[in-house]
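Visitor: I would like to go through this structure with you. Shall we begin with the rings?

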Amino acid sequence: MAKILFSVAGEGNGHAFRSKAVIDHLLKKNEVQVFSHGKGFRYLAKFFPVKRILGFHIAYINNNTSSILTFLFTLLKFPLMFLWNLRLAYNIIKIKPDVIISDFEPFTNYFSYLLFKPLISIDNQHMISYTKIPKLKNQSLYKIWADIVIHLFIPKASFRFITTFFYPKLKNNCKNKVKLVEPILRGEILNAKPTKGNHIFVYQTSKTYSTLLNTLKETNEDFIIYGFDKEEKDKNLTFRKFNDKKFLKELSESKAVIINGGFTLMGEALYLGKPVLSIPVKKQFEQNLNAHYLEEMGYGKYEEDITLINFFEFMKNLPTYEKNLKNFKHKKNKDFFNDLDKKITELAR
């Protein structure tokens, strides 16, 4: 048995969804203390004792990252974040962890270096820094910025697991420190029995993406929409506040999915056999990379913005996407959990 400190980024739900599966597995044989913030804290606290930390958040305007607002909010909040999270050092010393695991949460990472604790990184963001990925049109500056953020968040790790549904080659200098693994899925997703209903499932990060809603209203399809934090019906749009059971049920029963480019939900949709229309948040390179490979592998469509033309084109091609999705293979986390257990044992020594 190892003592593990597990920290989870709280921006969006994806990190927390993935981490729940990992924590459930680790608790079978280990002592685990979980730290998170934001949406990650609120979700994980339903299942485990979680210590709250303060973390970074991104500001959005109409499906576009606002760099200025994000920078200003971070600048104003950083002194409080730093002082609040200093308590982490006390908790780390008190817990005396053998290993620290992080899903893209930066503060715990830095304490691992200061206290000489081995660190395992589990995320999809490191795909950008450690693999030979293609150049994307009009994305060069955003890739540079993404690289900078990744190295600032987690400058050094004992080992990195990178979750993915596509498999570019690793860079030569990191093959012994990095491994690509299949999407890490929650037990609720793995146990789901998907059906093909009449509605289209929609999840959006930006609450101000009005272009999407106006376009969907002009179609004859029915949409169930998460991400706008309200319960109401507007013509053919049904809005939901987040409820995990409803979320999973309505995702599993949908005939297609419209999301940004977040990796975790994209992986869940692919596992359930749902064609995906991906409209990545602008200026987020990692989301655009996911959407690029989604379209390249024939699992769905990648668009910079939604229009009636590209929506109906997506719908017309649903049978092709469904056929291609039959080639999506998943070993239900088994290989990853075996690799993780071995790495924890190795580093705990």
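Visitor: How many aromatic pairs does a search of the whole structure find?

Guide: The search gives 24 aromatic pairs, a pair being Phe, Tyr or Trp rings (for Trp the six-membered ring) with centres within 6.5 Å. This is a predicted model, in which local features need pLDDT of at least 70 and side-chain atom pairs count only at pLDDT 80 or more, while totals for chains, interfaces and linings use all residues. Residues are numbered from 1 along each chain as its sequence is written, and side-chain values use heavy atoms, without hydrogens and water.

Visitor: Which residues do ring pairs link into a cluster?

Guide: The cluster consists of Phe17, Tyr43, Phe47, Phe48, Phe201, Tyr203, Tyr226, Phe242 and Phe247.

Visitor: And what lies over the face of Phe17?

Guide: Arg186 does, 3.9 Å from the ring centre; a charge sits over a ring if NZ of Lys or CZ of Arg is within 6 Å of the ring centre and within 35 degrees of the ring normal. Likewise, the charged end of Lys230 is over the ring of Phe239, at 4.3 Å from its centre.

Visitor: Changing topic: is Phe336 buried or exposed?

Guide: Phe336 counts as buried because its relative accessibility is 2%, where buried means under 20% relative accessible area with a 1.4 Å probe, protein chains only.

Visitor: What does Phe336 touch?

Guide: Leaving aside residues up to four places away in sequence, Phe336 touches Val22, Ile122, Phe161, Val181 and Ile184, with contact meaning heavy atoms within 4.5 Å.

Terms used. Rings of Phe, Tyr and Trp (its six-membered ring) pair if their centres lie within 6.5 Å; planes under 30 degrees apart count as stacked, over 60 as edge-to-face and the rest as tilted. Buried means under 20% relative accessible area, exposed over 50%, partly exposed in between (1.4 Å probe, protein chains only).
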